[in-house]
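Visitor: Please take one part of this model and go through it closely. I would like to know which side chains pair up, and what surrounds them.

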Amino acid sequence: MPSSFYNNDSTTEDLKLETELTSTVSLANARGRLNPDARGWSRQPLHHCHIPYNSGRKKRWNYWGIIGPTHLYTVFIVDVDYLGFAASCLLDLESGRIIRDEIKRPLATGLSLGNTVRADAAMTWGNSAIHFEYGGGHVGIGVRWPGFAKLGQQADLVVNSPADQESINVVIPWSEKRFQFTSKQMALAAHGAVTVGNDKIDFPEGESFAVHDFGRGVWPYESRWNWATFSGRATDGTPAGFNLGGIWTDGTGMTENGFMVGTSAFKIPESVRFEYDQTDPLKTWLIKSVDGDSVNLQFEPIARVTEGINLGILKARLLQLFGRFSGTLRQDGQVLEIDGQVGWAEEQNARW
């Protein structure tokens, strides 16, 4: 494919730090440096992500995606230390129509983001608010956004988050001063409704699944990444999901790659490459292992979002494709087969 990017700088030989953690740990020390004991990955979110100092370089976000039989919905809040940002998107899977809007808050005013995966998070501005609230093994996602896309939005969703549900939780250690904790929660059962304008979209119980991307860290100024994820069902009907990333983890000895089958997580230590035509990203994407056969996926886009931010010190370009994945993932004797499952893939370039 022309104009493709292959993130193949890392091989299996580079991946020496995939230590599995089993007890709670602080991400950073009292000086705001990476705690050496925090390196590794875990099946449960064990990291406490309070990060002292590092003013201007800390990045924090909570991102939720809900996949239903007719629509895909995303909502997230981000604190990049000097700016707060929220966005939401509703995609009609049949027509490909996207309704999207965003809000920016200087100095991240009105944001409240906790230091653990299961802490509440919120953003308020005027008479609008986004809330992610944990309790009783569930997460409540509530959105009141009267000005959303000049139509208005109200979302009331519930995501099951049982204590025994495993996930992929990883620390990416660029250096002692630059590091990121990422938690990818997949295959979470969800239900509820999203209303945009006069249209109420139902996300029925038993047919809807959620993805949660939780990130806390201290980032380099210039960053680039690929990301792909889905939550739904395997070909045999079992709840399943995967998370795959590239470029940003190269050379660190860690990946964020893994998948879920039922309530069990399978960590993939291999790097993956994303192959796609940047001149026509609506063409088929291929996502494959750099070494081995752990990942062999095909992605057929059905809609795209291209966004740019240029606020001087903060510049970003997002290319996000929504579509359907087919193929296989393998690890530790487990094989996940999917066929036409809805998810998304993206490329992001940021100076932040």
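Guide: What follows is a walk through some salt bridges of this predicted model, and then through a few other residues.

How many salt bridges does the structure hold? The count is 16. One of them joins Glu 20 to Arg 43, with 2.7 Å between the closest N and O atoms. These two residues belong to distant parts of the chain, 23 residues apart: Glu 20 sits in the segment before strand E1 (25-26), and Arg 43 in the loop between strand E2 (41-42) and strand E3 (47-48). Glu 20 is classed as partly exposed because its relative accessibility is 36%. Arg 43 has a value of 27%, so it is partly exposed as well.

A second salt bridge is made by Lys 184 and Asp 213, whose closest N and O atoms are 3.2 Å apart. Since Lys 184 belongs to strand E14 (residues 179-196) and Asp 213 to strand E15 (residues 199-218), this pair ties together parts that are 29 residues apart in sequence. Are these two residues buried or exposed? Both Lys 184 and Asp 213 are buried.

Arg 351 is in strand E24 (residues 334-351) and Glu 222 in strand E16 (residues 222-233), so the parts tied together are 129 residues apart in sequence. Arg 351 has a relative accessible area of 41% and is therefore partly exposed. Glu 222, at 52% relative accessibility, counts as exposed because the cut-off for that class is over 50%.

Salt bridges can also share partners, and in this way Arg 100, Glu 102, Lys 104 and Glu 307 are joined into one network. Strand E6 (residues 83-92) and strand E7 (residues 98-106) run antiparallel and are joined by nine bridges. The two strands form a hairpin with five residues between them. In the turn of that hairpin, Gly 96 has a positive phi of about 80°.

Next come two buried residues. Thr 255 is in the loop between strand E17 (239-246) and strand E18 (258-261). Its relative accessibility is 1%, so Thr 255 counts as buried. The side chain of Thr 255 has a polar contact with the side chain of Lys 267, at 2.8 Å. A polar atom of the Thr 255 side chain also lies 2.8 Å from the backbone oxygen of Ile 268.

The other residue is Trp 64, placed in strand E4 (residues 58-67). Trp 64 is at 1% relative accessibility and therefore counts as buried. What is Trp 64 in contact with, apart from neighbours within four places in sequence? Its contacts include the aromatic residues Tyr 73, Phe 132 and Tyr 134. Also among them are Val 75, Val 139, Ile 141, Val 159, Leu 188 and His 212. Gln 44, by comparison, is 20 residues from Trp 64 along the chain, and the C-alpha atoms of these two residues are separated by 18 Å.

Note on methods: Residues are numbered from 1 along each chain as its sequence is written. This is a predicted model: local features need pLDDT of at least 70, side-chain atom pairs count only at pLDDT 80 or more; totals for chains, interfaces and linings use all residues. Side-chain values use heavy atoms; hydrogens and water are left out. Helices (H or I, at least four residues) and strands (E, at least two) are DSSP runs, numbered from the N terminus. Buried means under 20% relative accessible area, exposed over 50%, partly exposed in between (1.4 Å probe, protein chains only). Contact means heavy atoms within 4.5 Å. A polar contact is a pair of N or O atoms within 3.5 Å; within protein, one must be able to donate a hydrogen and the other to accept it, and residues adjacent in sequence count only if both atoms are side-chain atoms. A salt bridge is a side-chain nitrogen of Lys or Arg within 4 Å of a carboxyl oxygen of Asp or Glu. Two strands pair if DSSP finds at least two bridges between them.
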